[in-house]
Amino acid sequence: MNSHDDPIFVQSLGRAVRVLAAFQGADGPLSLAEIASRAGITRSAAQRIAHSFRELGYMRLSSDGRGFLLDLGILDLAYDYLRLNPLLRRASPVLLELRRNVRERVDLSLFDGQRMVYAARMQSKREMFFATLIGNSVPTFCTSGGWAVMAMLPDIEVDRLLAAADLRPVTPRTLTDPQSIREQIALTRQNGHALAVEQILMGEVALGVAVPGPDNRPIAAIHIAGSLSEWQPEEFRRRVAPLASEAVNAIASS
């Protein structure tokens, strides 16, 4: 059902949430005009909503007073989401042990349809700022975790995901041909893990294993990422795949 046709949907709340979502992908502070355009509302509505969020501690003026930024109240909400998420509670000690064993970056990403959203990140020595942030997301269609998740889904659901995906390449090596992606999914089903080479970041090899939920449907994935300057892909697979699989089993049984 479209939200406009839902009799109990609060339209004003929907507009307010769109104002917060306007900051997705922003490179800096947003003006009221930019917020209004991104949120699909009038400038007057953007002004009222931004003022309300400032009063509540969820938005603030930039240092030059010319635009708006999200404020600390947003982090309070994010913290509570992470703190209360039962999967993250179970996974955290397992991920810490996995990071100690592999000595490479270990992530847990949550499956959200067309994207995998990072909910835990335990970095290695070579990370860029944005790559380390919780809440960052990557396309499902071209990541090791995404391939691992899709490998647990029926083919008809995989076809729907790929048909709706924005198959733009992230790197020169990103697979964008649906048949090539299906071949990687088939390999993942065969191996029990996915191996992605330079799909999201040049010079990176990543291995992903899906985390099943209570109904045995995928809800997340563990990724382990290394540098191609230090690892050959097959050597990386042999080293980390058993450890990643053990970690998933530990999470599922906890």
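Residues are numbered from 1 along each chain as its sequence is written, and side-chain values use heavy atoms, with hydrogens and water left out. Because the model is predicted, local features need pLDDT of at least 70 and side-chain atom pairs count only at pLDDT 80 or more, whereas totals for chains, interfaces and linings use all residues.

**The sheet**

- Strands of a sheet pair through backbone hydrogen bonds, either parallel or antiparallel.
- Six strands form an open sheet in the order 5-4-3-8-7-6, with antiparallel pairing, where two strands count as paired if DSSP finds at least two bridges between them.
- Strand 5 (137–139) and strand 6 are the edge strands, since each of them pairs on one side only.
- From one strand to the next the twist averages 30°, with axes taken as lines fitted to C-alpha atoms (for helices over the stretch in contact) and angles running from 0 to 180 degrees between N-to-C directions.
- Strand 7 and strand 8 pair in the antiparallel sense over nine bridges, and strand 3 is joined to strand 8, also antiparallel, by six bridges.
- A221 in strand 8 stands opposite A210, and A221 also stands opposite S109.
- Nine of the ten residues of strand 8 are buried, so this strand is largely enclosed by the rest of the structure; buried means under 20% relative accessible area, exposed means over 50%, and partly exposed lies in between (1.4 Å probe, protein chains only).

**Helix 5**

- The 17 residues of helix 5 (residues 86–102) should span 24 Å at 1.5 Å a residue, and the end C-alpha atoms are 25 Å apart, which agrees; the expected span is 1.5 Å times one less than the number of residues.
- A kink of about 35° lies at S92, shortly before the proline P93, where the bend is the angle between axes fitted to the seven residues ending at a residue and the seven starting there.
- The N-terminal end of helix 5 is capped by N85, which has a side-chain oxygen 2.9 Å from the backbone nitrogen of L87.
- Just after the helix, R103 takes a positive phi of about 55°.
- The buried residues in helix 5 are L87, L88, A91, V94, L95, L98 and V102.
- An α-helix has 3.6 residues a turn, so residues three or four places apart point the same way.
- The buried residues of helix 5 pack against several elements, among them helix 4 (72–84), strand 3 (105–112), strand 4 (115–122) and helix 9 (233–253), with contact meaning heavy atoms within 4.5 Å.

**Positive phi in loops**

- E198, in the loop between strand 6 (194–197) and strand 7, has a phi near 55°, a positive value in a residue other than glycine.
- E198 is buried, with a relative accessible area of 11%, and, not counting residues up to four places away in sequence, E198 touches T171, R173, T174, G203, E204 and L228.
- N216 has a positive phi of about 65° although it is not a glycine, and N216 belongs to the hairpin of strand 7 and strand 8, which has five residues between the strands.

**Two further residues**

- R121 lies in strand 4 and counts as buried at 10% relative accessibility.
- The side chain of R121 makes a polar contact with the side chain of D107 (3.2 Å); such a contact is a pair of N or O atoms within 3.5 Å, and within protein one must be able to donate a hydrogen and the other to accept it, while residues adjacent in sequence count only if both atoms are side-chain atoms.
- L167, in the loop between helix 7 (155–164) and helix 8 (178–191), counts as partly exposed at 22% relative accessibility.
- Not counting residues up to four places away in sequence, L167 touches F141, L162, T176, P178 and I181.
- L167 and Q114 are 53 residues apart in sequence and 10 Å apart in space, C-alpha to C-alpha.

Notes:
Helix = DSSP H or I, 4+ residues; strand = E, 2+ residues; numbered from the N terminus.
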